[in-house]
Amino acid sequence: MLPLPEFTLHSPRTIDEALGLLAKPGAMIIAGGTDLLPNMKQGLHQPEHVVSLQHLAELRAIRVEQKVLVLGAMTSLAEVAEHEDVRKYATALAEAAGTVGGPHHRRMGTLGGNLCLDTRCRYYNQSQFWRSALGFCLKKDGEVCHVVEGGKKCVAAASNDTAAAAIALEAVLVIRGAQGVRRVAAGEFFVADGARNIAIARDELLVALEVPRVAKRVSAYEKLRRRGAIDFPLLSVAVRLDGSAVEVVVSALAAKPRRINGAQKLAATQVEAIAEAAARECNPMPNIDGDVAWRKQMVRVMVKRALVRAIGAAQPST
Amino acid sequence: MTLIPITLTINGDLTQVAVHASQTLLEVLRYELRLIGTKQGCDKGDCGACTVLLDGEPVLGCLTLALSCAGRSVTTVESIPRADPLLESFDCHGAGQCGFCTPGMLMTAKGLLAKEKKPSRDSIRAAISGNLCRCTGYGPIVEAIAAVGEGTVQPATEEKLPPPLPSYGAPRK
Ligand SMILES: Cc1cc2nc3c(=O)[nH]c(=O)nc-3n(C[C@H](O)[C@H](O)[C@H](O)COP(=O)(O)OP(=O)(O)OC[C@H]3O[C@@H](n4cnc5c(N)ncnc54)[C@H](O)[C@@H]3O)c2cc1C
Ligand code: SF4
Ligand code: FES
Ligand code: FES
């Protein structure tokens with residue numbers, strides 16, 4: 001049994017009310033709770049106030065606008081995965097959402113919660129007892145990193161499936177705070193700090209994800225994991241093709257998903273060269289499970305798989 | 001800790017219960033309402049043993065705050081009548097061995113069968129992919145659910161039914 005620590009639950013009916021509650025010290029947002037609650041049960045977060053977004057119906061819709069697809073932060077991952085327009089205009093995102101956890105997690109978990117997922121590490125996602133036996137670590141309560149000897153910065157892995165897809169699709173996060181609305185490109189939202197890898201303040205609220213609708217654009221997502229369900233990614237790969245231009249993003253490495261620079265100078269059809277560039281630029285670490293050498297070799301394989309599928313989708317069907 | 005009274009529908013009955021903010025739906029079902037059919041496995045979202053239907057959808061009771069269920073409808077394994085084709089099918093196919101995963105499997109199956117009258121084996125496998133079973137190897141479970149969709153099992157007749165479950169006293173105060 002893993003009892004939750006004590007807290008006060010708030011269920012605001014408007015975004016403004018939610019923002020007011022988030023200003024309280026030690027307040028945290030709960031969306032689906034599928035990341036926050038297990039983490040609280042392990043003593044990783046002890047918020048005094050938990051602000052539920054359950055009743056903010058306005059955050060729960062998917063809208064197709066002329067230039068963008070707008071996905072509310074509270075849209076369930078199951079809906080993102082199954083929605084026809086998302087599958088069409090943001091294929092990689094729908095595929096990524098469809099690989100998160102198991103069906104229960106996708107029904108309960110939200111897109112906003114996935115984008116704001118806490119980073120993961122084999123030395124962090126453990127019980128209080130386990131972590132205390134090891135003397136804790138930089139990310140919480142400790143002074144050292146057990147992954148990088150002498151490391152001064154936490155390198156816990158971005159383990160959210162939708163992150164790589166959102167970056168590859170040039171999506172924009174719409175964030176509400178006391179000062180109003182601001183927009184951040186997904187490519188800038190995730191930062192290289194495992195302690196907190198998202199550029200959003202604790203008293204701000206992610207409202208929606210906007211994905212541009214671009215004619216003839218195709219995308220695909222591939223995930224490496226041991227079992228076909230439940231497991232977090234051991235590698236997360238999203239690719240986007242605009243004609244011959246290609247973008248490749250690889251995640252589940254460290255805190256910031258990595259855009260493959262080498263791919264940007266190549267044409268989409270140079271599959272081998274792109275996969276080679278990705279393998280050169282990505283260095284998996286022993287921060288999450290899975291043999292590091294195997295994960296490194298699989299970068300090439302997963303990138304190729306995603307590219308081949310995207311190229312196939314770009315071809316007019318005969 | 002403040003107790004907050006909520007009203008929710010549990011297995012069709014309007015139920016009032018006082019809960020703490022930090023209590024999960026699973027804890028309230030098992031320890032306040034004595035509905036111990038729903039199992040507590042990992043208690044952190046990994047195994048699916050705690051699956052119940054929330055407004056008809058299979059969810060994890062261990063990751064659902066009880067307070068968030070106010071005004072909603074919860075269906076647990078106790079809702080399944082003793083004579084039920086799904087139970088009989090699990091029995092005939094040997095789909096339960098130690099039985100720990102069974103209540104969760106049954107509720108996931110109920111959620112699926114309510115949406116798809118005759119689910120394919122692939123769709124069954126996908127639906128139960130969040131429910132771990134350490135005993136059966138899943139094959140018998142998939143077959144048991146498929147047989148219900150295909151209508152090849154009947155609920156057990158009265159004389160073949162196991163004795164009713166013992167009842168557990170009044171909810172703990
Ligand atoms: C067994 C198991 C397996 C899993 N497997 C995967 C997996 O394979 N891939 C994966 O990506 N995830 C996985 N998850 C994690 C989780 O289920 C998903 O990431 C889910 O999308 C989280 O969404 P949520 O709504 O439940 O988030 P919550 O738990 O409610 O929130 C997560 C975090 O985001 C913050 N937050 C939520 N919404 C907002 C918002 N609108 N604005 C600002 N901050 C917000 C919360 O404060 C919290 O810190 C798994 C979880 C479990 C228990
Ligand atoms: S990467 Fe290092 S500091 Fe970060 S969680 Fe893991 S062990 Fe801790
Ligand atoms: S007890 Fe809820 S998923 Fe294991
Ligand atoms: S029957 Fe034992 S875990 Fe499934």
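Predicted model: local features only at pLDDT ≥ 70, side-chain atom pairs only at ≥ 80, totals over all residues.
**Close-up 1. Where helix α3 meets helix α5 in chain B.**

Close-up 2. Two packed helices are described by the angle between their axes and the distance between the axes. Here, α3 of chain B covers residues 102-115 and α5 of chain B covers residues 139-150. They pack at an angle of about 35 degrees, and their axes lie 11 Å apart. As for handedness, α3(B) and α5(B) make a right-handed crossing.

**Close-up 3. The buried residues of helix α12 in chain A.** This helix takes in residues 271-281 of chain A. Its buried residues are Val271(A), Ile274(A), Ala275(A), Ala277(A), Ala278(A), Ala279(A) and Glu281(A). Have a look at what covers them: in chain A, the cover includes the strands β11 (245-251) and β12 (258-259), along with the helices α11 (261-264) and α13 (292-314).

Close-up 4. You'll find Ser219(A) in strand β9 of chain A, which spans residues 218-224. Ser219(A) counts as buried because its relative accessibility is 5%, and buried means under 20%. Its side chain reaches two backbone nitrogens: that of Ala92(A) at 2.9 Å and that of Thr91(A) at 3.4 Å. Setting aside neighbours within four places in sequence, Ser219(A) also has contacts that include Ala90(A), Leu169(A), Val239(A), Arg240(A) and Ala310(A).

Conventions. Residues numbered from 1 in each chain as written. Chains lettered and ligands numbered in written order. Heavy atoms only, no water. Axes fitted to C-alpha atoms, helices over the stretch in contact; angles between N-to-C directions. Helix = DSSP H or I, 4+ residues; strand = E, 2+ residues; numbered from the N terminus. Left-handed = near helix turned anticlockwise from the far one by under 90°. Buried < 20%, exposed > 50% of the residue type's maximum accessible area, 1.4 Å probe, protein only. Contact = heavy atoms within 4.5 Å. Polar contact = N/O pair within 3.5 Å; in protein donor to acceptor, adjacent residues only side chain to side chain.
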